[in-house]
Amino acid sequence: MELTLFALTFTMLFAIPIGTLVAVKQDRWPDYLVRGGAVLGASLPAFWIATVLLVIAGRYFAWAPDFEYHSLRADPFANLGQFILPAFILGIATSASMLRLTRGMLLEVLRQDYIRTAYAKGLRQRAVVVRHALRNAMLPVVTVVGLQLANLLSGTLTIEIIFGLPGKIGRAHV
């Protein structure tokens, strides 16, 4: 559960701001770059990314993750350090889909009449996007977060095994 919550936190902290940024910068190079990265992130399986990263880190940087579990209560910083890379890898595909959904919904909302009215009243772009457009664009995104939680839980199994994390999903505790 801890790994899933970390991955969901990463997803929200990454997908919403970047999805908002590329929606505002539609059809410019940041939009194309992020959309390409999102398609790549959504198409690569998490277990493959984890395996490749561990092989590259071990081969070229002589680094391996700590396979000893550190409890959140005993050592919060070691626990965070232990979960940051697996959560990042687990959250890549979810972030990609949430980023694309955020961008699409925000673009749809930005084309509405009340947004044009807000611009006509002289409001700055940041105020229009954050106060008016983003609030309404987030309704479908928040709905999909619940569905993505199931995807994160199912992906937790392979990531727990690859990184040697003791979890109830990855290993049976007898």
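Predicted model: local features only at pLDDT ≥ 70, side-chain atom pairs only at ≥ 80, totals over all residues.
The chain is built from 6 helices and 0 strands. From the N terminus on, its elements run α-α-α-α-α-α. The C-alpha trace spans about 65 × 35 × 25 Å along its principal axes. The chain has 174 residues, and 37% of them count as buried. Its accessible surface comes to about 10600 Å². Carbon and sulfur atoms account for 66% of that surface. Contacts between residues at least 6 apart in sequence were also examined. Of these, 73% join residues at least 24 apart.

Two helix pairs were examined in turn. Two packed helices are described by the angle between their axes and the distance between the axes.

Helix H2 covers residues 29-43, and helix H4 covers residues 76-110. Their axes lie 8 Å apart and form an angle of about 140°. That angle makes H2 oblique to H4, because only angles over 145 degrees count as roughly antiparallel. The crossing of H2 with H4 is left-handed. On the H2 side, the contact is made by Asp 31, Val 34, Arg 35, Ala 38, Val 39, Gly 41 and Ala 42. These meet Ile 92, Ala 93, Ala 96, Leu 99, Arg 100 and Arg 103 in H4. By class, the contact has 8 nonpolar, 1 polar and 4 charged residues.

The next pair is H3 with H6. Helix H3 spans residues 46-60, and helix H6 spans residues 125-163. Their axes come within 9 Å and cross at roughly 15°. Angles under 35 degrees count as roughly parallel, and H3 and H6 are therefore roughly parallel to each other. H3 passes H6 in a right-handed crossing. From H3, the residues in contact are Ala 46, Phe 47, Ala 50, Thr 51 and Leu 54. Their partners in H6 are Thr 158, Ile 159, Ile 162 and Phe 163. The contact of H3 with H6 has 7 nonpolar and 2 polar residues. It has no charged residues.

Helix H4 also holds Gln 82. Neighbours within four places in sequence are left aside in what follows. Gln 82 is then in contact with Asp 66, Glu 68, Tyr 69, His 70 and Leu 165.

Notes. Residues numbered from 1 in each chain as written. Heavy atoms only, no water. Axes fitted to C-alpha atoms, helices over the stretch in contact; angles between N-to-C directions. Helix = DSSP H or I, 4+ residues; strand = E, 2+ residues; numbered from the N terminus. Parallel < 35°, antiparallel > 145°, perpendicular 65-115°, else oblique. Left-handed = near helix turned anticlockwise from the far one by under 90°. Contact = heavy atoms within 4.5 Å. Nonpolar A, V, L, I, M, F, W, Y, C, P; charged D, E, K, R; others polar. Buried < 20%, exposed > 50% of the residue type's maximum accessible area, 1.4 Å probe, protein only. Areas by Shrake-Rupley, 256 points an atom, 1.4 Å probe, with all protein chains shown as cover.
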